[in-house]
Amino acid sequence: MNANAVYLDHNASAPLLPEARAALLAALDSGGNPSSIHRFGRSARAHVEAAREAVAATAGAEAGQVVFTSGATEAIAQGMIGGARAFGVTRILIGATEHAAVQAAAAATGLPVDTLPVDGEGVIDLAALDAALAAASEAGALLLVAIQAVNNETGVLQPLAAIESRLGATPHLLLIDAVQLYGRRPLDFAARAADMMALSGHKIGAPSGIGALLLKGHADEVRLIAGGGQERGRRGGTEAVALIAGFGAAATAFPHHYDAARVMALRDRLEDTIRAYAADAVIFGAGAHRLETTVAFALPGVANTTALMALDLAGVALSSGSACASGKVARSHVLDAMGVAPALADGALRASLGWSSTEQDIAAFAAALEKLPARRTGGAGKAA
Ligand code: PLP
């Protein structure tokens with residue numbers, strides 16, 4: 001990544017960590033197929049198993065619980081589609097602000113899907129959860145519940161412990177989409193009630209295209225891709241050895257690069273900057289528990305497409321919310337679910353911070369804001 005660029009889009013993809021790059025290149029150079037028994041195969045196998053240990057250790061899991069996948073989207077699909085199949089699930093329950101990977105996997109199961117509403121701050125409505133669980137028990141349903149730990153657009157944390165304890169009495173499987181929490185806080189997979197967890201490498205400075213599904217022992221039969229017995233039969237296909245090695249190295253190195261208190265101070269300064277620019281700026285989810293990585297905001301009267309282009313010209317990379325594969329800016333289903341007025345949601349921007357963020361980034365962001373071409377009428381701040 002260009003050293004002069006200001007990168008405030010960690011939630012989309014964090015910059016590659018130097019340790020991950022080195023491990024990736026070393027594994028690429030050493031070659032071999034982990035299933036071969038000769039020395040090259042054994043060397044490739046060693047890269048994969050070292051990475052498995054590293055990912056397990058940093059997720060509070062055992063190495064045998066880690067299944068490498070092509071990313072969290074595949075991990076979620078395996079957990080939900082494969083989980084529904086393996087256990088004879090009859091109903092799916094997801095939050096209204098889940099990532100598209102969860103929404104699409106829920107639909108792909110072909111089962112009835114119930115969506116839990118969130119409040120105005122983006123937090124799951126626990127009374128609605130209680131009602132859904134009572135209805136499921138009444139109907140004798142077996143539920144598959146998929147909930148995100150942290151929302152990728154707003155940074156809002158879901159009350160996982162409260163959700164897990166409520167689920168207790170109802171027959172269910174629980175998958176936690178831990179993508180945006182991994183590395184920033186302990187995941188404690190072993191200690192949690194969750195049966196499955198999805199992780200993604202590129203959110204912690206690994207290359208993209210690699211992730212993991214964590215499976216508790218009783219969920220070991222949850223499969224999606226049949227093949228040559230790789231990953232102990234849990235995911236067919238020759239392992240992406242170099243990407244896996246990069247993931248393992250990033251897992252180990254990330255805590256040395258990411259300091260939550262430092263990122264929180266930067267986040268606070270970034271929010272002060274936004275409010276100083278426009279007193280009527282709205283920060284979404286500000287009243288909820290949020291991870292320090294993310295500021296989702298709107299400057300009323302400023303279109304996000306205009307703002308993104310102007311900021312990009314000034315060398316500052318932000319996002320409009322979730323990174324959309326088409327490159328288009330679509331209205332956020334997350335903000336819709338939070339009841340944000342469409343006119344405001346259409347202006348949504350997301351700054352996301354991480355291991356490489358610095359005070360200079362925030363200063364450059366502040367300077368770039370001043371150059372926004374869309375000058376508003378009314379309100380405080382510099383807009384005219
Ligand atoms: N879940 C969340 C919360 C995410 O932020 C993302 C990535 O944007 C995913 C799932 C999908 O991850 P991947 O890009 O590894 O498929």
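In which loop does Asp-188 lie? In this predicted model, where local features need pLDDT of at least 70, side-chain atom pairs count only at pLDDT 80 or more, and totals for chains, interfaces and linings use all residues, Asp-188 is placed in the loop between strand S6 (172-177) and strand S7 (196-200). Residues are numbered from 1 along each chain as its sequence is written, and side-chain values use heavy atoms, with hydrogens and water left out. Helices (H or I, at least four residues) and strands (E, at least two) are DSSP runs numbered from the N terminus.

Most residues other than glycine have a negative phi. Asp-188, however, has a positive phi near 50°. Its relative accessibility of 41% makes Asp-188 partly exposed, a class that lies between buried (under 20% relative accessible area) and exposed (over 50%), with a 1.4 Å probe and protein chains only. Arg-232, likewise not a glycine, has a positive phi of about 55°. Arg-232 is found in the loop between strand S8 (211-215) and helix H7 (241-257), and with a relative accessible area of 52% it is exposed.

Oxygen atoms of the ligand lie 2.6 Å from a polar side-chain atom of Thr-73, 2.8 Å from one of Gln-180 and 3.2 Å from a side-chain N or O atom of His-99. The protein buries 86% of the 390 Å² that the ligand exposes when taken alone, as given by the Shrake-Rupley method with a 1.4 Å probe.

Two cavities of 30 Å³ or more were counted. A cavity is a set of points, on a 1 Å grid over the protein atoms alone, where a 1.4 Å probe fits but cannot get out; lining residues have an atom within 4 Å of a point. Grid points are joined across faces, edges and corners, and a volume is the space filled by probe spheres set on the points. The second largest cavity holds about 30 Å³, and its lining comprises eight nonpolar, no polar and one charged residues. Among the lining residues are Leu-160, Ile-176, Leu-187, Arg-192 and Met-197.

Key: 1 Å grid on protein atoms, 1.4 Å probe; cavity = no way out; pocket = protein on both sides within 12 Å on 5 of 7 lines; lining within 4 Å. Nonpolar A, V, L, I, M, F, W, Y, C, P; charged D, E, K, R; others polar. Polar contact = N/O pair within 3.5 Å; in protein donor to acceptor, adjacent residues only side chain to side chain.
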